[in-house]
Amino acid sequence: TVQFVPELDRNYLEYKPMKRQFADSSQVKRTTMMTRLMQLVHELAKKNIHSTKRDLFYADVKLFEKQQNSDAVLEELSLMF
């Protein structure tokens, strides 16, 4: 969830500790989605291009299947950095 911090005049995502087993076969699809999103975001950052979550989803619909999937992985990814 997003929380507004008035003292800093910023929105922050709530900290949620998580553990990802990248070598676990049950996590292959989610790990693939995360890797693909990192690739897409990296390419956009190199070119200094802004994008929406929707644009990222449409970059690989076959992999993500539903925007909800790409959004969840993107949120998880944003909490890593």
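Is S70 buried or exposed? I looked this up first. S70 is buried, at a relative accessible area of 2%. My cut-offs: buried is under 20% relative accessible area, exposed is over 50%, and partly exposed lies in between (1.4 Å probe, protein chains only).

**Ground rules.** I am working on a predicted model, where local features need pLDDT of at least 70, side-chain atom pairs count only at pLDDT 80 or more, and totals for chains, interfaces and linings use all residues. I number residues from 1 along each chain as its sequence is written, and side-chain values use heavy atoms, with hydrogens and water left out.

**Layout.** I find four helices and two strands. From the N terminus the order is β-β-α-α-α-α. These elements are DSSP runs numbered from the N terminus: helices are H or I with at least four residues, strands are E with at least two. Of the 81 residues, 22% are buried.

I checked strand 1 (residues 2-5) against strand 2 (residues 10-13); they run antiparallel, joined by four bridges. Pairing requires that DSSP finds at least two bridges between the strands. Q3 has Y12 as its bridge partner in strand 2. Four residues sit between the strands, and D9 takes a positive phi near 55° in this hairpin.

**Around S70.** S70 belongs to helix 4 (residues 67-78). I left aside neighbours within four places in sequence; S70 then contacts L37, F57 and F64. Contact means heavy atoms within 4.5 Å.

**Salt bridges.** I count four, taking a side-chain nitrogen of Lys or Arg within 4 Å of a carboxyl oxygen of Asp or Glu.

- K29 and E65 meet at 3.1 Å, N to O. K29 is in helix 1 and E65 in the loop between helix 3 and helix 4, 36 residues apart. K29 is partly exposed at 37%; E65 is exposed at 53%.
- R30 and E76 also form a salt bridge, 3.1 Å from N to O. This pair links helix 1 to helix 4, 46 residues apart. R30 is partly exposed at 28%, whereas E76 is buried at 8%.
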